Amino acid sequence: MYSIFPLVNYLVWLGVRGRVPSLSEENTVWVQNVENGSRTFGSLTREKNRSTEKPQIGAWLGGLSLSTLVLIMYAPLLISLARQWWNDPNYGHGFFVPMFAGYVLWSERDRWSALPHRANNFGFAIMLFAIGLRVLGMLGAELYIARLSLVILICGIVLFLAGGQALRSISFPIGYLLFMIPLPAIVYYQLTLPLQLWASRLGASGLVALGIHTVRQGNLLFLPNCTLNVVEACSGIRSLLSLLAAVVAYSYFAEPSTWKRSVLAVASIPIAIAANGLRLVATGVLSYFFGPSVDSGVIHMVLGLGFFALAFLSILLIHKILGRHLGHQNPTRVYP
């Protein structure tokens with residue numbers, strides 16, 4: 001457990017230093033020319049440029065220092081998070097999330113770096129709140145709260161150093177980081193059970209429609225030559241989370257309209273469920289003709305990737321339909 005008091009003292013020192021101007025700097029803004037008795041406007045311009053550059057340099061240095069402290073304080077959580085991404089197939093997309101958020105920040109650096117930096121003291125309170133959540137999450141063994149505090153802490157740092165306008169300008173890449181945090185166990189299991197039932201119903205209905213006699217009992221599909229068990233891994237939660245993250249990333253760059261972005265994100269949910277049902281139908285057909293051994297190994301992985309690609313292509317089709325019938329109404333890119 002890391003002590004938060006050195007961090008608090010450091011943050012207070014940064015806030016005071018960034019907000020209390022030096023009297024010597026104020027006195028040197030206006031330079032009196034002794035020979036002609038008039039103010040030297042060239043010196044005035046240079047002094048103004050220096051005065052505007054110093055807050056931005058201070059913000060960058062403060063942000064770098066705070067980022068280093070955050071990495072040190074959250075190193076154990078970040079390591080456990082990366083380990084879960086690697087070991088849990090449901091959150092394999094977690095590696096993609098911070099890279100995409102960093103790419104968005106870098107590609108839009110000219111826009112948000114040109115904004116004026118107006119530090120807000122309320123960000124310091126948010127930072128303390130996030131650190132408190134981190135401590136409570138670790139004491140209570142609640143990883144979701146502890147990991148969520150990292151995103152809240154980033155918001156507080158940006159607000160404290162650069163202000164609300166800067167925070168709004170980069171709200172999307174910060175909010176996108178939520179996709180990298182695994183769901184709480186209680187939420188995960190509340191979602192997987194109904195998804196398992198929907199997938200088994202869709203699979204059984206599809207197989208019957210294709211003429212393959214199928215009897216469903218809960219999550220079990222009884223075929224003439226084998227039995228398919230729709231386990232948690234086949235519930236579709238994996239493709240749902242990955243597809244939602246991919247659609248949000250795609251729509252941010254491909255669609256300037258906010259409401260169309262929302263339509264694509266919402267549409268990804270039923271599409272992911274339907275694609276998972278079709279995957280079960282394909283698995284049942286292959287198992288009926290070639291035996292249950294096809295529901296494992298490379299074929300199982302290929303089916304998963306193939307129907308995930310089909311789901312994403314469906315999103316592209318919906319986007320094209322929206323653009324054709326309701327396009328050219330908002331040609332300007334919308335930023336948060």
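In this predicted model, strand E2 (residues 220-222) pairs with E3 in the antiparallel sense, over 3 bridges. Within this pairing, Leu221 stands opposite Leu228 in E3. The two strands belong to an open sheet of 3 strands, arranged in the order E1-E2-E3 with antiparallel pairing. Strand E1 (215-217) and strand E3 (227-229) stand at the edges with a single partner strand each, so one side of each is left without a neighbour in the sheet. From one strand to the next, the twist averages 20°.

Helix H13 runs over residues 258-290, and its 33 residues reach 47 Å from first C-alpha to last, close to the expected 48 Å. Along H13, a kink of about 25° lies at Ser268, shortly before the proline Pro270. Just after H13, Gly291 takes a positive phi of about 95°.

Aromatic rings come next, with 15 aromatic pairs in the structure. One of them is the tilted pair of Phe100 and Tyr176, with 5.0 Å centre to centre and 55° between the planes. This pair links distant parts of the chain, as Phe100 in helix H5 and Tyr176 in helix H10 are 76 residues apart. Both residues, Phe100 and Tyr176, are buried. Another pair, Tyr250 and Phe312, is edge-to-face, at 5.8 Å centre to centre and 75° between the planes. Tyr250 lies in helix H12 and Phe312 in helix H14, 62 residues apart. Tyr250 counts as partly exposed because its relative accessibility is 24%, and Phe312 counts as partly exposed at 22%. Ring pairs also link a cluster whose members include Phe96, Phe100, Tyr103 and Tyr176.

Finally, Arg109 lies over the face of Trp106, 3.9 Å from the ring centre.

Notes. Residues numbered from 1 in each chain as written. Predicted model: local features only at pLDDT ≥ 70, side-chain atom pairs only at ≥ 80, totals over all residues. Heavy atoms only, no water. Helix = DSSP H or I, 4+ residues; strand = E, 2+ residues; numbered from the N terminus. Expected span 1.5 Å × (residues − 1). Bend = angle between axes of the 7 residues up to and from the residue. Pairing = 2+ DSSP bridges. Axes fitted to C-alpha atoms, helices over the stretch in contact; angles between N-to-C directions. Phe/Tyr/Trp six-rings, centres within 6.5 Å; stacked < 30°, edge-to-face > 60°. Buried < 20%, exposed > 50% of the residue type's maximum accessible area, 1.4 Å probe, protein only. Lys NZ or Arg CZ within 6 Å of the ring centre and 35° of its normal.
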